[in-house]
Amino acid sequence: MSVNAVRRLGPDASVVAVVREEYAAGRAVSVVPAGVDKAESLRLFAEILDFPDYFGGNLDALYDCLRQVATDRPDDWALVWDAAGALRAGDPAAYDGIVGVLADVAADAGQLHVTVLDR
């Protein structure tokens, strides 16, 4: 895995503090809230990151679209997946799948820095 592995922070983490830290590092920041389930989480990624209409709503499509967004950006970019703790507790397989995609994209797109807030 690349230097830009997914950083996971626990329930006491502050999204405001993370965003400020990323801005201070000179990165653009996108915050995507986790949904109550896998389908809603994927829909939120698509909505917040403005994926194309043909987004397939599955993990492969998340990888493809997220990688495209990451490689289209000319500078360092921070993606913060917020409030993922409920999904982790309710559907660990969906949580692990999404985190796996985030890690894969971060490994492939060196300018992407990912933080998962398990709150």
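Me: Hi! Is Asp118 buried or exposed here?
Reply: Hello! In this predicted model, Asp118 is buried, because its relative accessible area is 10% and anything under 20% counts as buried.

Me: Where does Asp118 lie?
Reply: You'll find Asp118 in the segment after β4.

Me: And what does Asp118 touch?
Reply: Leaving out residues up to four places away in sequence, Asp118 touches Arg8, Leu9, Gly10, Pro11, Ala84, Gly85, Arg88 and Tyr95. With Tyr95 there is also a polar contact of 2.7 Å between the two side chains.

Me: How far apart are the C-alpha atoms of Asp118 and Cys65?
Reply: Those atoms are separated by 23 Å, and the two residues are 53 residues apart along the chain.

Me: New topic: which residues touch the most other members of the largest nonpolar core?
Reply: Those are Phe45, Phe51, Leu79, Trp81, Leu102 and Val116, out of 34 residues in that core. At least two residues each come from α2 (38-48), α3 (59-72), β3 (77-82), α5 (92-108) and β4 (112-117).

Me: Which of them gives the largest share?
Reply: That would be α5, with nine residues of this core.

Me: What is Leu79 in contact with?
Reply: Beyond its neighbours within four places in sequence, Leu79 is in contact with Ser30, Val32, Phe45, Leu49, Leu66, Leu102, Leu112, His113, Val114 and Thr115.

Me: And what does the second core include?
Reply: This separate core has eight residues, among them Ala13, Val18, Val19 and Ala78.

Technical notes: Residues numbered from 1 in each chain as written. Predicted model: local features only at pLDDT ≥ 70, side-chain atom pairs only at ≥ 80, totals over all residues. Heavy atoms only, no water. Core = buried A, V, L, I, M, F, W, Y, C linked by side-chain atoms within 4.5 Å. Buried < 20%, exposed > 50% of the residue type's maximum accessible area, 1.4 Å probe, protein only. Helix = DSSP H or I, 4+ residues; strand = E, 2+ residues; numbered from the N terminus. Contact = heavy atoms within 4.5 Å. Polar contact = N/O pair within 3.5 Å; in protein donor to acceptor, adjacent residues only side chain to side chain.
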